[in-house]
Amino acid sequence: MEKIKISVIVAVYGVEKYIGRCVGSLFGQTMTDGVEFIFVNDCTKDRSIELLTEILSDYPHIASRVKIINHLRNRGLATARQTGLEAARGDYILHLDSDDYFETDMLEVMYDAAIAHDSDVVMSDFFMSYKNREVYSASPLPDGRERMLKSMIAPWSHGSSFTCLWNKLTKRQIYIDNNIRFIEGINYGEDLTVAIKILYHAAAITKVDRALIHYNQENPCSYTRDRSASNIRQLLKATDVVSDFLSAYTTAYDDVLDERRFLMILLAITHSGIKEQREFLQLYPWLDYDKHKHILPFHWRFPYKMALRGHLRFFCCMRGGIRAAGRIYKKMRAML
């Protein structure tokens, strides 16, 4: 039986516009020997799986190492990732979102680095991919575990590291030994709950200083573009999961987790109505505005302060004014 070096896991739902590019970037890799490709169909309603099957017919040499697993009902991104993880046999795991795509030599470069350094995790930089341009985005690897995890929990004040999983080739044994699983129902922020645990337990982490993934910024249906109250609740739940995990080992992350909660609450009230705003403001009564206000843009400080004091109608009026001013500013910049 062929040794499986890498399992690439792709959750598929509603991506018929992008699946061809994604799949082509996988099947056209410079390294396909020893690689299995696992696609989890989360009951997509479009032609994504049909298109995947059509493309696969052009790559008969790897057909035996492609698995398509069909959920009987839509269960969400986290469960789709977990389904793929449970089916994986590779020494290393790599997740890819089905609207994103890899550089042609992604797997070869990452795997070679993993073997050369006996790494538990190999990270890389990535491209933010827009319609007419690519923006290089570095994913720093801070010195020391505490600095690294803080930079992922609160990148706005501790350096910019990223919780995304598609730039982290990870030993499958890390998942197994530490019972790291995706949590059903947390589909927004699910990468935070897993990446923090992986990097906490990883003994050897290597960084490849190249952008090897294209992170699609054009998909309007992407989870990351949805700031609904439901998704913000998932982000907060993910933060609480991380808090529970880290607090079992240390209190060193308590302040930075509260800082994250503070910003998530403000994000929530910025994108919700008064009824939901009241619910969000009751979640973490210990959060201190004066302690965390320094991380806020100056023009939002007074409106948020009023909201946290319960003056929600006043906040909503201020919010509308700030948004209108922002639209005018963008139009004026476009005219220059």
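A pocket is an open set of grid points with protein on both sides within 12 Å along at least five of seven lines, and its lining residues have an atom within 4 Å of a point. In this predicted model, the second largest pocket is lined by F262, I265, F280, L281, Y284, P285, L287, D288, Y289 and L308. Helix 10 and helix 11 (274–281) are the elements that give two or more residues to that lining.

- The volume of the second largest pocket is about 150 Å³.
- Its lining is made up of nine nonpolar residues, one charged residue and no polar ones.

**Helix 10 and helix 11**
- Two packed helices are described by the angle between their axes and the distance between the axes.
- For helix 10 and helix 11, the axes come within 9 Å and cross at roughly 170°.
- Angles over 145 degrees count as roughly antiparallel, so helix 10 is roughly antiparallel to helix 11.
- On the helix 10 side, I265, A268 and I269 take part in the contact, and they meet Q277, F280 and L281 of helix 11.
- Five of the residues in this contact are nonpolar, one is polar and none is charged.

**Helix 10 and helix 13**
- Helix 10 (residues 254–270) also packs with helix 13 (residues 298–308), at an angle of about 90° and with the axes 11 Å apart.
- Helix 10 and helix 13 are therefore roughly perpendicular to each other.
- Helix 10 contributes F262, L266, I269 and T270 to the contact, while helix 13 contributes W300, Y304, A307 and L308.
- By class, the contact of helix 10 with helix 13 has seven nonpolar residues, one polar and no charged.
- F262 of helix 10 and L308 of helix 13 are in this contact, and both are among the residues that line the second largest pocket.

**Aromatic pairs**
- There are 18 aromatic pairs in the structure.
- In one of them, the ring centres of W166 and Y215 are 5.0 Å apart and the ring planes are at 45°, so the pair is tilted.
- W166 is in the loop between helix 6 (155–158) and strand 8 (168–171), and Y215 is in strand 9 (residues 205–216), so the pair ties together parts 49 residues apart in sequence.

Terms used
Residues are numbered from 1 along each chain as its sequence is written. This is a predicted model: local features need pLDDT of at least 70, side-chain atom pairs count only at pLDDT 80 or more; totals for chains, interfaces and linings use all residues. Side-chain values use heavy atoms; hydrogens and water are left out. Axes are lines fitted to C-alpha atoms, for helices over the stretch in contact, and angles run from 0 to 180 degrees between N-to-C directions. Helices (H or I, at least four residues) and strands (E, at least two) are DSSP runs, numbered from the N terminus. Angles under 35 degrees count as roughly parallel, over 145 as roughly antiparallel, 65 to 115 as roughly perpendicular and the rest as oblique. Contact means heavy atoms within 4.5 Å. Ala, Val, Leu, Ile, Met, Phe, Trp, Tyr, Cys and Pro count as nonpolar, Asp, Glu, Lys and Arg as charged, and the others, Gly among them, as polar. On a 1 Å grid over the protein atoms alone, a cavity is a set of points where a 1.4 Å probe fits but cannot get out, and a pocket is an open set with protein on both sides within 12 Å along at least five of seven lines; lining residues have an atom within 4 Å of a point. Grid points are joined across faces, edges and corners, and a volume is the space filled by probe spheres set on the points. Rings of Phe, Tyr and Trp (its six-membered ring) pair if their centres lie within 6.5 Å; planes under 30 degrees apart count as stacked, over 60 as edge-to-face and the rest as tilted.
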